[in-house]
Amino acid sequence: MHEMGLMASMVELLSESARHNQIEKINRVKLVVGKMSMALPDALQLAFDVYKADDLFRSDAVLEIEERETRGKCRSCGRCFPVLDNVLFVCPDCRGLDVEVISGRELYIDHYEGEDGNVDDD
Amino acid sequence: MTIKVELQTPILARNEETAEEIRYLCLENNIFLVNIMSSPGAGKTTLLEKALGYLSRELRTAVIEGDIATTRDADRISAQGVEAVQLNTHGACHLDARMVYQALQKLEYSQLDLILIENIGNLVCPAEFNLGEDLRVVLLSTTEGNDKIVKYPVMFRDAHMLVLNKVDLLPYTDFSKEEMEQDLAGLNPRMEIFYVSARLEQGVKEWADRLIELVKQSLKEHGMLGTS
């Protein structure tokens, strides 16, 4: 629902980092998005298409999104398990309810690639 | 030349930083910050209208009103004699930490014990944005149906407190309290639940009393900070 806003934050972070690293054009960005984050990959792609017009990106820049399943870890018995529909935080072994979320909340820029102004020597 | 940069940075890194600033500001000034979230029409403003009488008798209270547009809600709060700051997001579906930080600057916060933030009516986006709050309250109304809990699990997993509003309408809805409690047992077993009818002022005092208790507990724990 707020993917445009998330994309704006992403572009701001990338723009700062690119300046810092003397990168002129970005051609590839990789995001990691957990299933518990409220961001939908399709909507993120759509938002990226809008922001791609920005000078920061090459016109054929690609956004790669790696989705992460929601996984919990039981604090009673230590079992790690997938959390069904983001809803059932119940340990399948001991039925424990004290469950830590170990994956699924990710929403971060993993890495990006870009070109600096220098031409390759060879 | 192609350069690869391992950034490993959360997209909401800036929001987290500002939320930390808010948390520190509140700690320093002995302020308890509450983030109240629900879908539109669940009754956030009505609950606040009815609860403010109890709250402001015990605590110096103010409200930050988030709305996409208009000052109607802030006007309703001000009518209760409580200071209210209106935040208009102009279309944005949630409040972020920066907006709350700006709103705080408009309040005499050193003179306050409790600030209630009424978030934008939406069960999706506000769940993602840390506002530096001490307590997250989600309001659900019986007319929305109990399936909202499993449909918006992140919101209900992260909240500390659930206020079920419009309980006076229970007989006219398919809302199942049993299913709700069952779903919450798997999703958020520590959730405190309050049953209220804000309109009829049922259960409102109990909720307000619990808030007052939490604020006083927190003041006792952090009481040494900010005083010399």
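User: In this predicted model, are F48(A) and F57(A) buried or exposed?

Analyst: Both are buried: F48(A) falls in that class, and so does F57(A). The structure is a predicted model, and that should be kept in mind throughout.

User: What makes F48(A) and F57(A) an aromatic pair that is edge-to-face?

Analyst: A search of the whole structure finds 1 aromatic pair over all chains. That pair is F48(A) with F57(A), whose rings lie 5.3 Å centre to centre with 80° between the planes.

User: How do you know that the charged end of R157(B) sits over the ring of F89(A)?

Analyst: The charged end of R157(B) is 3.9 Å from the centre of the ring of F89(A), and the distance part of the rule asks for a position within 6 Å of the ring centre.

User: Why is the meeting of D158(B) and R105(A) called a salt bridge?

Analyst: The side chains of D158(B) and R105(A) come to 2.9 Å, N to O, and because the cut-off for a salt bridge is 4 Å, the name applies. Between chain A and chain B the count is 4 salt bridges, and 15 residue pairs are found in polar contact across the interface. On the side of chain A that touches chain B, α1 (3-20), β5 (99-103) and β6 (107-115) each supply at least two residues, with β6(A) giving the most, 9 residues.

User: How many residues does the contact take from chain A and from chain B, and what area is buried between them?

Analyst: The contact takes 40 residues from chain A and 30 residues from chain B, while the area buried between the two chains is about 3200 Å², of which carbon and sulfur atoms give 59%. Of the area that chain A buries against chain B, L13(A), M38(A) and V87(A) supply 18%, more than any other three residues.

User: Why is N188(B) called buried?

Analyst: The relative accessible area of N188(B) is 9%, and because buried means under 20%, the residue belongs to that class. N188(B) lies in the loop between α7 (177-187) and β8 (192-195) of chain B. Leaving aside neighbours within four places in sequence, N188(B) is in contact with F156(B), R157(B), D158(B) and A159(B). Among these, R157(B) has the charged end that sits over the ring of F89(A), and D158(B) forms the salt bridge with R105(A).

Key: Residues are numbered from 1 along each chain as its sequence is written. Chains are lettered from A and ligands numbered from 1 in the order in which they are written. This is a predicted model: local features need pLDDT of at least 70, side-chain atom pairs count only at pLDDT 80 or more; totals for chains, interfaces and linings use all residues. Side-chain values use heavy atoms; hydrogens and water are left out. Rings of Phe, Tyr and Trp (its six-membered ring) pair if their centres lie within 6.5 Å; planes under 30 degrees apart count as stacked, over 60 as edge-to-face and the rest as tilted. Buried means under 20% relative accessible area, exposed over 50%, partly exposed in between (1.4 Å probe, protein chains only). A charge sits over a ring if NZ of Lys or CZ of Arg is within 6 Å of the ring centre and within 35 degrees of the ring normal. Contact means heavy atoms within 4.5 Å. Buried area is the accessible area (1.4 Å probe) that two parts lose on being put together, summed over both. A polar contact is a pair of N or O atoms within 3.5 Å; within protein, one must be able to donate a hydrogen and the other to accept it, and residues adjacent in sequence count only if both atoms are side-chain atoms. Helices (H or I, at least four residues) and strands (E, at least two) are DSSP runs, numbered from the N terminus.
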